[in-house]
Each structure stands twice: as structure tokens, then as C-alpha cells.
Amino acid sequence: MIQTNAARPQSEVVAKARAIAHEVAARHAADVDTKARFPSETFEALKQAKLLSAAVPKELGGDGCSMQELTAACAELAHGCAASGMVYAMHIIQVACIARHGMESPFFRAYLKEIVDKQLLLASVTSEVGVWGDTRSSICALTPDGDQFRLDKDATTVSYGAAADDLLVTCRRTPDAPASDQILVLLRAGEYTLTQTTNWDTMGMRGTCSPGFKVASRIPGDHVLPGSFADASAQTMVSYSHILWSGVWLGIASDAIARASAYVRAAARKKPGTVPPQANRLAEVFVHLQAMRNNVYGQAVEFDAIMQQPDGMERLLTIGWALKMNNLKVGNSETAPEIVHQALQIVGISGYKNDSPYSLGRNYRDSLSAALMISNDRIFNKTASMLLVYKDE
Ligand SMILES: Cc1cc2nc3c(=O)[nH]c(=O)nc-3n(C[C@H](O)[C@H](O)[C@H](O)COP(=O)(O)OP(=O)(O)OC[C@H]3O[C@@H](n4cnc5c(N)ncnc54)[C@H](O)[C@@H]3O)c2cc1C
């Protein structure tokens with residue numbers, strides 16, 4: 001990776017994501033939002049550019065991208081279309097879980113190669129009716145069924161479930177296991193059926209297409225990811241989710257500021273030699289955008305530095321790291337809508353209108369999902385418990 005600026009990572013993958021964001025995702029974003037449809041054009045372009053294997057290790061034919069590159073790719077895509085950025089982030093999170101916890105398994109190594117060859121799209125099924133936002137407990141269980149296993153799950157929210165090739169699902173290890181003894185299981189196309197149970201007619205992030213589904217499957221035993229979900233969650237899923245989601249929210253906020261900047265420049269052109277009154281507010285909000293960008297990429301840089309250490313995976317199990325991830329998620333999920341709100345104050349009615357080039361409605365609505373994707377209250381609750389025993393190292 002050619003690293004020119006820690007706060008703006010550059011690489012071939014990031015450049016491809018930026019081009020797709022501008023040339024494809026942004027062009028279809030309004031239609032995706034209006035129709036609450038999957039951003040199929042963006043994902044066709046991502047597949048053509050082989051970006052669905054960006055997180056697959058190089059030894060298996062992928063790009064082996066760093067966290068900095070992946071974060072930048074998510075931010076670039078979200079700048080054009082937030083739903084595209086979020087779907088891409090969620091796919092990468094699942095691939096990373098397999099790449100970081102499944103390399104000992106011949107089945108999962110072969111599967112990672114297949115992601116490279118076929119550019120498979122992978123969705124996540126962690127939510128479940130009855131446990132709601134608590135991803136660290138499951139009701140459903142992997143159940144022996146002859147020489148195979150059965151896994152049925154009633155999920156509340158499965159983003160792009162209908163568009164995905166395969167699913168990565170959390171469940172209890174056995175029918176007798178406690179709710180927290182979870183594993184991750186891969187369901188391949190043809191091994192499962194989906195029955196939609198709810199609609200996805202939401203305020204924002206409409207293109208993620210995330211209704212509830214009943215999942216029914218029958219699978220061989222080697223589809224179980226080695227180890228526990230407790231470790232995969234702490235060492236991979238939480239870090240990748242909170243850093244890459246933050247990248248998506250940064251993309252939404254940057255796009256809002258780009259629209260506000262364009263509006264102020266247009267106002268300046270109307271009265272040459274004067275600084276429009278909104279320019280001061282723009283200067284003010286730039287401070288917040290820069291702080292957000294440094295916060296997001298700073299954490300990605302730290303993650304990559306940790307992973308250079310021989311005991312990197314263990315370091316991700318500390319309370320200190322868990323607190324940083326919680327703070328990153330809560331902080332950026334609140335900052336993104338605040339920045340969009342400030343952009344709207346700059347643009348005024350032209351930002352409030354849906355049919356104006358400076359419209360901020362989609363940015364606003366999309367950014368409001370951030371605090372709900374794992375409720376900030378739930379995260380504060382966990383942080384509060386950890387702070388009772390945490391001593392700053
Ligand atoms: C755009 C989007 C896409 C998503 N995609 C997926 C997906 O693909 N797969 C998937 O599995 N999930 C996905 N989710 C996440 C899933 O929908 C969440 O599990 C769900 O949002 C949580 O439901 P809830 O808001 O009812 O949360 P809950 O966590 O049940 O919280 C509801 C409310 O209860 C309160 N509360 C709950 N627990 C506590 C606590 N411990 N302390 C204090 N207050 C608490 C809070 O006020 C909170 O707002 C997605 C979410 C969004 C927004």
C-alpha cells in the first residue's frame with residue numbers, strides 16, 4: 001500500500017472504490033433510496049473490479065487489504081451512496097471473520113479462494129427474534145440431523161439477505177449449550193431457504209434491504225468456523241464493524257460537507273469579491289469533519305499497528321481496546337448526523353428540498369441509523385461495566 005497521508009489512505013483498491021462511488025454508486029443512489037432496492041449496479045461494478053475479495057489474504061489470491069485501506073474504501077463508497085458503503089462494510093466484516101479465524105480449515109481456505117474467483121457476496125445473520133440487539137446470545141442452535149446438521153433461525157434484520165450468495169450465522173454450539181456459547185456457521189447458496197417475515201420501509205439506509213427472515217438450513221459439519229464466536233466477535237467482528245461503519249458514516253458526513261461547500265462556492269460566484277455569510281459556518285463544521293476523519297483513520301492505523309505485533313490478536317482482547325471500539329462507534333455515530341445537521345444550516349432550504357443538487361435529506365436519514373446499529377445505549381451499558389474495573393494502562 002502506498003501511504004501518503006495517514007488521514008487519507010491511498011491504494012489501488014481505494015482508487016477503484018472511489019471511481020465506482022463517483023461513476024456508479026452516486027448515479028443510482030437516489031433511485032436505490034426511493035425504491036428501497038439493493039444497489040445492484042454498484043455491486044456489479046465492485047465484482048468486476050474484484051473488490052469483494054479485498055479482505056481475503058494475498059496468499060489466497062485476495063488483496064489482503066489493511067484496515068486503513070478497507071476503511072477508506074467504505075468511506076469512498078458511502079460518499080456516493082451510503083447503502084452501498086454499508087453493504088460493502090458488512091460483507092467485508094464477514095469475510096474478515098473467516099480470513100482471521102478459518103485459515104486452519106481446508107473448507108474455509110477453499111471458500112476464501114472461491115470468494116476471489118466468483119466474487120461471492122456474504123451477509124450476516126446475528127440478530128434473532130427474542131434476543132434483539134444482543135449479538136452475544138443466541139436462541140437457535142446447531143442441531144445434529146443424520147450425518148449433517150440443521151440450523152433454523154428467526155432473524156429480525158438481515159441486510160441484503162435476498163441478494164447475498166451465502167450467509168454467516170450465529171447460533172448456540174449445541175441444543176444444550178447456554179445462550180452465550182455461540183459459533184459462526186456458513187450457509188452456502190442451495191443449503192438454505194429464506195422466508196421474509198417483515199418489511200424494510202425505513203427512514204434511511206433503505207438500499208441495505210434489511211427485513212426479517214426465517215432461515216432454514218441443512219449443512220455439513222465443516223461449515224462451522226473454528227473456535228468460538230466469543231473470540232471471533234472480540235478479535236474481529238467488533239473491531240471491523242466499528243471501524244468500517246465509522247468509515248461509512250465519515251463518507252456520509254464528507255458528502256454532506258461537499259454539498260455545503262459547493263453551495264457556498266456557488267453563492268460566492270454570484271457576488272465576486274465577497275465572502276458569503278455561510279462561509280463562516282462552513283469553516284466551523286470543517287473542524288468537526290477533520291476531527292472525525294482523524295478519529296476514524298487514527299483507530300484504523302492503530303489496528304494495523306497492533307496486527308503487526310506477534311501477539312496482535314491477544315491485544316485485541318483487552319478491556320482497553322474494547323473501550324476504544326465502543327467509544328469510536330458511539331462517538332462517530334453521533335458526530336455524523338451532527339455534521340449533516342450543520343451542513344443543512346449552511347445550505348438552508350436548498351438542502352431541505354429533495355429535488356435540489358444540494359439536497360441533504362438522504363444524508364440526514366442515512367446517518368440516523370448509526371446510533372441504532374447496535375444501540376448506543378446498549379454500548380454505554382457495556383462501557384459503564386468495563387469502566388468499573390478498568391485502569392488506564
Ligand atoms: C441499517 C441497519 C442494518 C442492519 N443490518 C443487520 C444485519 O444485516 N444483520 C444483523 O444481524 N443485524 C443488523 N442490524 C442490526 C439489528 O437490526 C439490531 O439488532 C437492531 O437494530 C437492534 O434492535 P433494537 O433497536 O430494537 O435494539 P435493542 O438493542 O433491543 O435496543 C432497543 C432499545 O432498548 C434500549 N436498550 C436495550 N438494551 C439496553 C441496555 N443494555 N442498556 C440500556 N438500554 C438498552 C435502548 O434504548 C435501545 O434503543 C442492522 C441495523 C440497521 C439500522
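This is a predicted model: local features need pLDDT of at least 70, side-chain atom pairs count only at pLDDT 80 or more; totals for chains, interfaces and linings use all residues.
Residues are numbered from 1 along each chain as its sequence is written. Local features need pLDDT of at least 70 and side-chain atom pairs count only at pLDDT 80 or more, while totals for chains, interfaces and linings use all residues.

Domain 1 gives 24 residues to the contact and domain 3 gives 24 residues, two residues being in contact if their C-beta atoms, placed from the backbone, lie within 7 Å.

On the side of domain 1 that touches domain 3, two or more residues each come from α1 (12-35), α3 (67-80) and α4 (82-101). Helices here are DSSP runs (H or I, at least four residues), numbered from the N terminus. The largest share of this side, eleven residues, belongs to α3. By class, the side comprises 15 nonpolar, six polar and three charged residues (nonpolar: Ala, Val, Leu, Ile, Met, Phe, Trp, Tyr, Cys and Pro; charged: Asp, Glu, Lys and Arg; polar: the others, Gly among them).

Helix α3 packs against helix α7 (residues 278-307) at an angle of about 150 degrees, and their axes are 8 Å apart. Axes are lines fitted to C-alpha atoms over the stretch in contact, and angles run from 0 to 180 degrees between N-to-C directions. α3 and α7 are therefore roughly antiparallel (angles over 145 degrees). Met-67, Gln-68 and Thr-71 in α3 meet Val-296, Tyr-297, Ala-300, Val-301, Phe-303 and Asp-304 in α7. Six nonpolar, two polar and one charged residue make up this contact of α3 with α7.

Methods. Angles under 35 degrees count as roughly parallel, over 145 as roughly antiparallel, 65 to 115 as roughly perpendicular and the rest as oblique.
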